[in-house]
Amino acid sequence: MGTPLLKANHITKAFNGVTVLDNVDFSVDEGEVHALVGGNGAGKSTLMKIITGVYTHDSGTLELDGKPLWFKDYSEATKNGVRMIFQELSLVPTITVAQNIFLNHEISNRGRLLDLKKMNRKAAEILDRLGVEINPATIVGTLSVAEQQLIEIAKALSEETKILVMDEPTSSLSETEVETLFRIVRKLKEQGVAIVYISHRMNEILKIADKVTIFRDGQRIITEQAEVLTVSEIIKYMLDEHAKDLKPNVNYENIRYDRCVLEVKGLTVNSWVRNIDFKVYEGEVVGFAGLMNSGRTEILEGIFGLRHTESGEILVDGKQVPLNRVDASIGAGMALVPENRREEGLVLGHSLETNMILPSLDRLRKKALLDRTKIRSLVEENVQKYNIKTDSVHKMISQLSGGNQQKVVFAKWLSTQPKLVMFDEPTIGVDIGAKTEFIDFIRGYVAGGNAAIFVSSEISELVAACDRIFILNRGKICAEFSGKEIENEEVIQNEIQQYKSQKVV
């Protein structure tokens, strides 16, 4: 490692009088992978957004290549070779993959018109480096969240880069895609690119990082070589207490096999997901595992009515629910916590309070008007119950950390007291403490006589949360694990990976 390529000194930042960064020092060397770790709201992403010109700082200094420098905006940072892959995707859904990759630095021909052929060819080369088989002419809005994340990475690599900040780059990726990304990271490292890597996945961090800096409550707690740290030590520094890894939190005695909450018969969502049959019983959490494009999200959205279902039957408490009608699904007692919380789970232009009450408006009315007393009671109760960190319930939801945003999505749906909740990747972009909280929320919810479906790309989470796990491949249920079988993560992982060669992106 050489001298620091980038050095931040005594960075302080406050929002609305609340300090989110307190006198923070940070540096990254050329050819180094430096991981930033901390709980939701610890200040990791805020520091990186200050460094890349997205936010302004209140005090402190920044040096790039040993010279004092501040970027007035993100575009100036990119011109200097500093780029960030944001946790919130910045793609334009109505244009192609290639056009997104070269957005703001388009390739033109001699007539100064867009050279689409060359852009498609260059985009294909970048995607090939990532090991991703996606047509550059594909409209981005038709891709899955995981595929869009890969395009975001390709976009960041489309120009010469000195420093690349990755904010939760693997949150929507399966283990196969993660390994592909790691190969790219190692190659960039060999080329001298400095990489700042933000992630809540502890094992992932220790596998890829050279150095780790741990944040807590807006302060830098420690910076250490990754090779001398363990997962338990990182968690201790993050939470200021000895926290345990995710452990199975199931209670088979709560399952009522004589009470079927959800029954799905012959569900056909598209040409990919066909003839799906399964049941979910009262007190049970059923998990869906599989590679990207295995059909997990399609099944959940088909059941809920968000994705067109061609045929099949859906029964809740033995009563048939009309297909392709979200209102009927909600009326039957179903709820869906979507994979993409920012686009599908929240209204970013509104407050925490407004987002919290949206599904419960009917029961919060007093004649023709909303009852402010009931609203205040519901929101304050949920903020406390779900440990949502905010200085005001009127704060814009977009200003909350990812973990606290997800807690709002949880709270707003569980407040409707549904019989069945479907959780699609509910722990994306949240820290280990919040993951444990979410699983406790789900287990507590089903213990009250309800049921849940839990989709996750992380086997450890499925093992911790689920009573049964279905393995999906190419839109079909190809294996089922229950009881003691679930405790063996390796067996489940091996079952999924045997379909790796069959995967289509």
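A contact, for this talk, means two residues with heavy atoms within 4.5 Å of each other. Keep that in mind for a minute. What you see above is a predicted model of one protein chain.

Take the contacts between residues at least 6 apart in sequence: 67% of them join residues at least 24 apart.

Now the overall form. The chain has 17 helices and 22 strands. Its radius of gyration is 23 Å, close to the 23 Å that the globule rule gives for 505 residues, so the chain is as compact as a globular protein of that length. Along the principal axes, the C-alpha trace spans about 70 × 50 × 50 Å.

Of the 505 residues, 54% count as buried. The chain exposes about 22,200 Å², and carbon and sulfur atoms supply 46% of that area. As for charge, there are 61 positive and 70 negative charges, and their mean positions lie 4 Å apart.

Let me finish with one sheet. Strands of a sheet pair through backbone hydrogen bonds, either parallel or antiparallel. This sheet is open, has four strands in the order β12-β11-β14-β15, and its pairing is antiparallel. Which strands sit at the edges? They are β12, residues 276-282, and β15, residues 319-320; each of these pairs on one side only.

Look at the β15 end. Its partner is β14, residues 311-316, and the two strands pair in the antiparallel sense over two bridges. If you want to find the place on the model, go to V316: its bridge partner in β15 is K319.

That is what I have for today.

Terms used
Residues are numbered from 1 along each chain as its sequence is written. This is a predicted model: local features need pLDDT of at least 70, side-chain atom pairs count only at pLDDT 80 or more; totals for chains, interfaces and linings use all residues. Side-chain values use heavy atoms; hydrogens and water are left out. The radius of gyration is taken over C-alpha atoms; the globule rule is 2.2 Å times the number of residues to the power 0.38. Buried means under 20% relative accessible area, exposed over 50%, partly exposed in between (1.4 Å probe, protein chains only). Accessible areas come from the Shrake-Rupley method with a 1.4 Å probe; for residues, only the protein chains shown count as cover. Lys and Arg count as positive and Asp and Glu as negative; His and the chain ends are not counted. The place of a charge is taken as NZ of Lys, CZ of Arg, CG of Asp or CD of Glu. Two strands pair if DSSP finds at least two bridges between them.
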